Amino acid sequence: MIARTITVLLLWMAAATVCSEAAAVIHHDLQVELYPQEHRFSAQDTLTLPPDRPDTVMFRLHEGLAPRLHAPGMKIARLAPEGPYGSYRVSLPPGQNRLVLSYGGRLHHPLDAPEKEYARGLRGSPGQISPQGVYLTGDSLWYPHIEDELLTFSLRIKMPPGWQAVSQGSRTRSKDGETTWAIASSQEQIFLIAGPFTEYLGPAGQVQAMVFLRRPEAQLAQTYLTATARYIEMYETLIGSYPYDKFALVENWWESGFGMPSFTLLGPRVIRFPFILHSSYPHEILHNWWGNSVYPRYAAGNWAEGLTAYLADHLLQEQRAEGAQYRQSVLQKYTDYVSSQKDFPLIEFTGRHSSASEAVGYGKTMMFFHMLRRQIGDRMFIEALQVFYRGYRFKTADFSDLQKTFEMVAGQPLETLFAQWVRRTGAPQLTIELARVRAEGEGYVIEAVLRQRQPGPPYALDVPLVLTLAGETAARSAVVPLRDRMHKVTLSSTLPPLRLDVDPHYHLFRKLDRAEIPPALSQVFGAEQITVVLPAAAAAEQMKAYQAFAQSLAHSGPERVTAVFDRELDRLPADGSVVLLGWENRFRETARTAAAGYGASISDGQAALDGKTFPRQAHSVVFTLRHPDNAGLVVAWIAADPPAALAGLARKLPHYHKYSYLAFEGREPQNLAKGRWPVLDSPMTLFFTEARPAMGSLPQEAPLATLPAASAAGN
Ligand SMILES: [Zn+2]
């Protein structure tokens, strides 16, 4: 009873103090006509400004749209051009807060080139009107932008017969060639997507689930309608009611992964990958809570991506009991891609544009929320998320608003946590050293020393320790507060200790030691420089394909790629990671020796790993191994048959960056095997016996939320 009273009181305080002030909102009443064949549109926008406006209004609009004002006594003046848009000034008579603008013209920009080195670099465009479809966002400046204020709108679109248009909010009218969308809650921008779509509808609780496909495919649509209902139900239970009337999956005409308020725009290949239903799709749905209704104040750091990654990507792995593995790959990505020059604090993250910015803005932020959850416990964490959502829905919020909310709900100061993870650059690096184990009385005392080795002041860390004892299958866990550079740990047990593991499930954000990381392709793509060693003995056609492959590596990550023939080298360079190409490579023996350490084999006619054999003919194999002369670097051996498979490998490998080994078949090539080598010599583990036994088991951690059964949702 007391606990209940306190909860109610806290919620009341939250409601009273968490809310930021309601922002002034501009309303657009837009009527648009699309002419896709001519790459142009025409529009009329009736703008209603907040009543306390100054008499002069400035707005920006895409070049060449010739805005005209419909009002006696008002003037429009064009200001000096400032880039790819026009700036205009309108003087309003006193008391007037409404203006009507007509404009129109061509708006068509080609797709951007994807960012170099960036495996996830999907393409975008500042705006397109074409026979394939229409893609207009705030960046397109297709409606008048007045400062950076939030807005509401209604949008009537006329378009060719057989076309459909999608925007935020609710569809209030729809007939062939004409649709109206409207939204009364504050938005950052107005999206207009249109094309020749087939539409599918389904229920998702109180929400309308919609699917817009570019060709009819009822079964695919049904899969998405069902998934939409399940995810919305899960997140409504976890966070609070879904903020819009509908959620739509919209098929784009190029490969993309965009999450807009109340819909997502995914590429044609993307939506047909089955794993998207458990990865990108819930991520984009969850963005309706974080990013598309609670808006990050970008200038103070974009927290929304990391929180979405944590409650979608991480949660789904957690539900499959693979949370620790997921966190390990997040830490590995940070360790591999983020050099000290590329690092920055979370308050400076706006959006990802490289693997390094993704590793910080998504990865470190995600780990920050994980540590916050562990500090205050699941119940408080969930309650704080709910209070934060209620308080900031359709408003902007930054890390300090998160801090205020979480402190209030948890009833404890969280300044240390926010200061060291959000405002400080970098990550702690831990080591453990054994002082001794001694028998004492009936049992044993273990003394070890934990240290922080990163430059700069120590972090305040709660370090998970896991002790495995002889004769017990379950390990024992403890959390040790590490506040200084060094901390002496004393543990006691009645049974003989076998091993002690430091943070084996990766609960802390930290820079991993090389030996904790199985060699993986991310160490090739994340390297500053690599040497590609070509097999001089290869046949001409094969050599041409290998040379083209070496060139493609220069576009997928490393800043400097040097290609040399194997016969020019006495030994492998140890100043950067190395890629060995071909069965014919003189240095194949180096790969064979290193692979043998993991139980994998390479012979003249085949490679074998994981109990499977891959003949040289018609197969491609990739082994990423530790460099024999420098444990911080890798040697990747890549051999392909037929040579034509190399073009496909160049395209596919960046997507397999977290794997140690891969095997493919044919010229496409099709993936047959993938995996990570086991960690054999982690410095985070102390063994007390020669035998190096496996770590004892730990209780399964309960996921933050569970996915409702398919049949229970959406009815
Ligand atoms: Zn996202």
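Q403 is in contact with L414, E415, F418 and R423, neighbours within four places in sequence aside. This is a predicted model. Q403 sits in helix α8, residues 399-410. Its relative accessible area is 9%; the cut-off for buried is under 20%, so Q403 counts as buried.

**Helices α4 and α6**

Two packed helices are described by the angle between their axes and the distance between the axes. The axes of α4 and α6 come within 8 Å and cross at roughly 70°. The two helices are therefore roughly perpendicular to each other. The table lists the residues that make the contact.

| Helix | Residue range | Contact residues |
|---|---|---|
| α4 | residues 304-319 | E305, G306, L307, A309, Y310, H314, E318 |
| α6 | residues 355-376 | G361, Y362, T365, M366, F369, H370, R373 |

By type, the contact residues divide into six nonpolar, five polar and three charged.

Helix α6 has 22 residues. At 1.5 Å a residue they should span 32 Å, and the end C-alpha atoms are 31 Å apart, which agrees. Of the 22 residues, 20 are buried, so α6 is largely enclosed by the rest of the structure. G377 follows α6, and its phi is positive, near 90°.

**The nonpolar core**

In soluble globular proteins, nonpolar side chains tend to be buried together. Here the largest nonpolar core has 219 residues. Those with the most contacts inside it are W142, Y235, Y281, W290, W303, L311 and F623. What does W290 contact, leaving aside its neighbours within four places in sequence? The partners are I239, W303, A304, L307, T308, L311, L385, F388 and Y389.

Methods. Residues numbered from 1 in each chain as written. Predicted model: local features only at pLDDT ≥ 70, side-chain atom pairs only at ≥ 80, totals over all residues. Heavy atoms only, no water. Axes fitted to C-alpha atoms, helices over the stretch in contact; angles between N-to-C directions. Helix = DSSP H or I, 4+ residues; strand = E, 2+ residues; numbered from the N terminus. Parallel < 35°, antiparallel > 145°, perpendicular 65-115°, else oblique. Contact = heavy atoms within 4.5 Å. Nonpolar A, V, L, I, M, F, W, Y, C, P; charged D, E, K, R; others polar. Expected span 1.5 Å × (residues − 1). Buried < 20%, exposed > 50% of the residue type's maximum accessible area, 1.4 Å probe, protein only. Core = buried A, V, L, I, M, F, W, Y, C linked by side-chain atoms within 4.5 Å.
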